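Thanks for coming. I will go through a few places in this structure, one after another. Please have the sequence and the model open.

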Amino acid sequence: MPGERLTVRGTSEVGRFPGAAPPTRVELTIHKEGEKKQEEGGCRRWFRKMCPCCCKRQNSTSYDVTDKVEVIKPPTPEPVKLKPENGDAKEMELEDIKLSVRSVDLLSSKTGQNRKEHHTDLYHGDELILRRGQTFQMELELNRPFNAATDKLHLDLKTGSLPMVSKGTHVIIPLVGHLEDERWEAKIVEETGNKIKLSVNSPASAVIGLYGLSVTTSSLRGQTSTTHDSDNNIVMLFNPWCEEDTVFLDDDEEREEYVLNDTGRIYYGTEKQIGARTWNFGQFHEGILEACLFILERSDMAPSGRWDPVNVVRVLSAMINAQDDSGVLVGNWSGKYADGVSPSAWSSSVEILRKYHTSNGKPVCYGQCWVFSGVTTTVLRCLGIPARSVTNFQSAHDTDVSLTTDVYLDENMEPIDHLNSDSIWNFHVWNDCWMARPDLPPGYGGWQAVDSTPQETSQGTFRCGPASVNGIRTGQVYLKHDTPFVFAEVNSDKIYWQRNLDGTYSQVHVEKKAVGHCISTKAVGSDERADITHLYKHQEGSEEERIAVETASRYGSKPDVYSTAMAEDVGVEVKMEGEGPRMGTDAKLSIVVKNLSSHPRRTTLHSQVAVMYYTGVLRGTIKKEQIPVELLPNEEKTIDWVLPYQQYQNQLVDQAALMLTLSGRVSETQQVLANQTTFRLRTPDLTITPLGEAVVGKEMAAKIIFTNPMPRTLKDVMFRVEGLGLQKGHEVVVGDVGGHATVTLTEHFVPTQPGPRKLVASLDCKQLTQVHGVANIVVLEQ
């Protein structure tokens, strides 16, 4: 009814909090003024007029008295066949009985045809969950057989707080003889006695969200209509299986991965030390669909705009962070998480989304980029938009829309800290989502970048995207939304500027390959890492890549930055052995200096290493030194560089990241040498070993082993363990763990769902982050 707010109903306690604003659950109990406690049938009224002596009223009470009636469930009158008491009149015709609906069966069982055909059978509960652009069935029980010649019937679907036909939020569905695509229509496909089965069609542009259903019946003879309000709601989602839907994805394996897979992998670390962690997206878990619809309700987006995935994704990129709209997650990069959960301790979106929903929209503490991305993947997949988490290594953060990453040096080649607002994160995680882009020129549909981590505002709100990945690749940064920012993240040049004596700045060095390496996502159908750098940029150094960079720069704040060519004959780079240094040991790297000329070269390298947040923000320098280098013609020299454990043991922050900066000037040519290399100290994995046979309903166990890699004691260690279909997420407090000590934890649980499952565990400790593990468990039917 107009003015009602409709939400998912179910047995879950999620959303049942008094005073919720806006409400998250509505029982469709209707209070109507003027409704009689018992309605006299139309046939009886007619017969009383014809023969009043035979059909007196039971008492003298006036039928005009109005009562306030609470209708919990419509009464079920028996079929009426009236005869005059004298037995001489003919039996009344059934068609003279006013047609009404007794009940509506939405055929919403998880194992039924609707849920199976719409690929929604994995969602928890027995609500009718549909995908737009596809037919579905429902059954109506009437008070008499339906007569197509004299009876009329239509359905009403309403969504939002003020449904309107003109906005597509109030849908009137007529009964037709033949269903046509791309329109709301219903057709009778089966009749049995008083029951009819309808096949209902929805367009691929339908508004997604929660609908209330009512059925209105009337007669061609002009009788007043009657309306039956269904006790159950309908949820409409986007449909990647429908060719007419803008989120259509034409690949079964990719749909299985990017829509139906409820677990995944998120990558972190550095380009030379890529780490991976398993993440439970849990989009089908109990309460998650309700939470996702609640997020849409909490946003300022009008329900009429929910037909367009571009709008929906843009709104969600703002709502997943709490920066300016009380969204889902509070970002925190301070290293202080005492009043919440450390970002590195999360391994699932489920607890985060359920906390947000059950608290009526109180932001959850705390998240960083991989958490924002994991939650975004969950919400998009839940609503039917194909999505994946994507990690960009050496990810630039351009703060002045120059589309370059700028480093400012003084006259002595020392960094000018207050000017160096641009930064390069070791890694940054965002999302790709799949959709057509009818709002852009042809060729820019497909994967779109969307970022929920609050970095810079877009049109006054902390959000980013969707930006066409193909537009990013070709440097078409004028395309909406936020394409310049994402382009700079993956393909900006790193330009060094030196201050002149007159206060101006000159370009002294360009690193053309400093940004956007090893862009990674989980491979389709396996836990392997897929490198998708080629989707975001042409091959580094190719003519196409240079054209894209220069094209993009023309739309930035420094359009003339590429007017000067730089000559170089000495190069410097940093290499590491194997997987790189490990936590608790000395960090060892190699500095390689090459002379590409046929003449000797001399320089002094200024080196400094600083502790760094993964966002590229430096905490402080912990070691400085000067390294004199003399090179013969065409000589390559390798210099061993060491950072002792004692110098970093008390200095590290989240991710155990460090940045080594090298700078210098070649004496003979005045060429500037510059290099910045980030690396992390690798942490150990949790080893998880399943014990016993994995069978639904049968208790089994898993052993989790952790060894402290450092010689110092770890304080307040806690494990977080979760497995979708295995056991609910919970915390295990361990306490202090001594230097190089080993902890063994045995988890006992009873699997509830068959098939391949993942048991995920992570360690939560202020002194040691990004420690986690996963076990693959195949659960058998009982």
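Leaving aside residues up to four places away in sequence, Gly-729 touches Val-721 and Glu-722. This is a predicted model, so please hear every value as computed from it. Gly-729 belongs to strand E37, which covers residues 727–737. Glu-351 is 378 residues away from Gly-729 in sequence, yet the two C-alpha atoms are 7.7 Å apart in space.

Next, the helices. Helix H4 spans residues 288–298, and helix H7 spans residues 369–383. In general, a packed pair of helices is described by two values, the angle between the axes and the distance between them. For H4 and H7, the angle is about 95° and the axes are 10 Å apart. That angle makes H4 roughly perpendicular to H7, because 65 to 115 degrees is the range for that term.

Which residues make the contact? From H4 they are Ile-288, Leu-289, Cys-292, Leu-293, Ile-295 and Leu-296. H7 brings Thr-378, Val-379, Cys-382 and Leu-383. Sorted by class, the contact has nine nonpolar residues and one polar residue, with no charged ones.

Staying with H4, how many of its eleven residues are buried? The count is nine, so H4 is mostly covered. The buried set includes Ala-291, Phe-294 and Glu-297. What do the buried residues of H4 pack against? On the strand side, the partners are E4 (128–131), E10 (209–219) and E11 (226–237). On the helix side, they are H5 (309–319), H6 (350–358) and H7.

Last, a sheet. Three strands form an open sheet in the order E34-E35-E38, and the pairing is antiparallel. Strand E34 (687–691) and strand E38 (742–749) are the edge strands, each pairing on one side only. From one strand to the next, the twist averages 20°.

Looking at one pairing in that sheet, E34 and strand E35 (residues 700–707) run antiparallel and are joined by five bridges. To give one of them, Leu-691 has Ala-701 in E35 as its bridge partner.

That is the end of my part.

Note on methods. Residues numbered from 1 in each chain as written. Predicted model: local features only at pLDDT ≥ 70, side-chain atom pairs only at ≥ 80, totals over all residues. Heavy atoms only, no water. Axes fitted to C-alpha atoms, helices over the stretch in contact; angles between N-to-C directions. Helix = DSSP H or I, 4+ residues; strand = E, 2+ residues; numbered from the N terminus. Parallel < 35°, antiparallel > 145°, perpendicular 65-115°, else oblique. Contact = heavy atoms within 4.5 Å. Nonpolar A, V, L, I, M, F, W, Y, C, P; charged D, E, K, R; others polar. Pairing = 2+ DSSP bridges. Buried < 20%, exposed > 50% of the residue type's maximum accessible area, 1.4 Å probe, protein only.
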